[in-house]
Amino acid sequence: LAWDIPSTGFVHVSMWSTSVFWACDIGIHFLTAYYQDGELIRDARKIARHYIQSWFVPDAAVVICDWTSIAIGATLDASDTSR
């Protein structure tokens, strides 16, 4: 959005693949056990609470920015082609 780079070819594939990757990464982190004091924690509620209190906010911010950028780009592309 800062530069007028056309989202075609490699840029388009990269934009979509990174957005999908980070969105899936959030879901995977809700299923990933972790160690606490040498003990492997596999309880789903504890895993979710741990992830939300640690990396969920930065991960969500990245995903929201990515998908917002894609939505804005698609809207701008649609308005350019309708003229």
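**View 1. Asp66 sits in helix H3**. In this predicted model, helix H3 runs over residues 56-81, and that's where you'll find Asp66. Asp66 counts as partly exposed because its relative accessible area is 22%, and buried would mean under 20%. Leaving out residues up to four places away in sequence, Asp66 touches Thr18, Ser19 and Trp22.

**View 2. Asp66 meets Ser19**. Along the sequence, Asp66 and Ser19 are 47 residues apart. In space, though, their C-alpha atoms are 5.8 Å apart. Asp66 belongs to helix H3, while Ser19 belongs to helix H1.

**View 3. Ser19 is tucked away as a buried residue**. With a relative accessibility of 2%, Ser19 counts as buried, since the cut-off for that is under 20%. Who's around it? Setting aside neighbours within four places in sequence, Ser19 is in contact with Asp66, Trp67 and Ile70.

**View 4. Helix H1 from end to end**. Now for the whole of H1, which takes in residues 10-29, 20 residues in total. From first C-alpha to last, H1 reaches 28 Å, close to the 28 Å expected at 1.5 Å a residue.

**View 5. The two faces of H1**. Which residues of H1 are buried? They are Ser19, Asp25 and Ile26. These residues cover an arc of only 120° around the axis, so they end up on the same side of H1. On the face turned away from that buried side, you'll spot the exposed residues Phe10 and Val13.

Key:
Residues numbered from 1 in each chain as written. Predicted model: local features only at pLDDT ≥ 70, side-chain atom pairs only at ≥ 80, totals over all residues. Heavy atoms only, no water. Helix = DSSP H or I, 4+ residues; strand = E, 2+ residues; numbered from the N terminus. Expected span 1.5 Å × (residues − 1). Buried < 20%, exposed > 50% of the residue type's maximum accessible area, 1.4 Å probe, protein only. Arc of directions from axis to C-beta. Contact = heavy atoms within 4.5 Å.
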